[in-house]
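Student: Hi, could we go through this structure together? I would like to ask as we go.

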Amino acid sequence: MQRVDQESQTQSPAESPADWEDGAQESEFKPLTREEAQQWRASQPHFSLWRLVVVQLLVGLAAGALAGLFTQSASVAWSVLYGAAAVVVPSALMAYGLTSSALSRLLAGYAQAAFAGFLLWEGVKVLLVVALLWSAPWIVPELNWMGLLAGLVLVLKVYWFGFWIQTRRANLNG
């Protein structure tokens with residue numbers, strides 16, 4: 001004999017607890033109209049990859065200059081600048097690949113292909129960062145690893161600072 005719970009008899013198949021997420025039942029998916037999609041896009045903050053790269057470059061240059069001033073050591077300043085460049089150069093290449101390359105224009109209309117292009121450029125970026133960090137001892141004379149790490153981390157934190165600014169603007173605008 002097969003045992004049937006009383007709860008499962010009272011619920012329709014669409015209302016089973018396995019289909020619930022966080023205690024709420026999913027509503028029907030309703031695609032946006034063209035006008036609703038345009039309104040939604042207009043309400044979202046505009047974010048430029050190139051602006052992010054420029055801010056990273058400026059933060060890296062400022063960090064290198066400040067490191068040189070505070071430590072009075074050219075090797076520390078060059079190490080900080082190289083650490084910053086190990087983030088800025090791959091980010092600029094990825095920004096170019098995602099916004100300006102022939103591949104990005106070709107894949108722009110296809111969501112899955114555009115995502116694959118993003119993954120491709122992210123892979124190129126990671127490989128370039130690894131290559132730059134691996135070659136650092138041969139490129140920077142008297143490399144200071146702490147300075148390189150400081151420049152790298154400071155420039156990487158620009159992502160979070162930019163994200164914080166964007167969410168703050170969105171909250172202030174409504």
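Student: How many residues does α4 have, and how far does α4 reach from its first C-alpha to its last?

Tutor: Helix α4 has 26 residues and reaches 36 Å from its first C-alpha to its last, close to the 38 Å expected at 1.5 Å a residue, where the expected span is 1.5 Å times one less than the number of residues. Please keep in mind that this is a predicted model, in which local features need pLDDT of at least 70 and side-chain atom pairs count only at pLDDT 80 or more, while totals for chains, interfaces and linings use all residues. Residues are numbered from 1 along each chain as its sequence is written, and side-chain values use heavy atoms, with hydrogens and water left out.

Student: Where is the kink in α4 centred?

Tutor: The kink in α4 is centred on A85 and comes to about 30°, the bend being the angle between axes fitted to the seven residues ending at a residue and the seven starting there.

Student: And where does the kink lie in α6?

Tutor: In α6 a kink of about 30° lies at L133, shortly before the proline P137.

Student: Stepping back, how many helices and strands does the chain have?

Tutor: The chain has seven helices and zero strands; these are DSSP runs numbered from the N terminus, with helices being H or I of at least four residues and strands being E of at least two.

Student: Is S79 buried or exposed?

Tutor: S79, which lies in helix α4, counts as buried because its relative accessibility is 0%, and buried means under 20% relative accessible area, exposed over 50% and partly exposed in between, with a 1.4 Å probe and protein chains only.

Student: What does S79 touch, apart from residues up to four places away in sequence?

Tutor: With those set aside, S79 touches V140, E142, L143, N144, G147 and L148, and a contact here means heavy atoms within 4.5 Å. Seen from L143, and again leaving aside neighbours within four places in sequence, the contacts are S79, A136, P137 and L148.

Student: Which residues of the largest nonpolar core touch the most other members?

Tutor: They are Y82, A136, L143, L148 and V155, out of 14 residues in that core, a nonpolar core being a set of buried Ala, Val, Leu, Ile, Met, Phe, Trp, Tyr and Cys residues joined through side-chain atoms within 4.5 Å. Helices α4 (74-99), α6 (111-139) and α7 (145-172) each supply at least two residues of this core, and α4 gives the most, with six.
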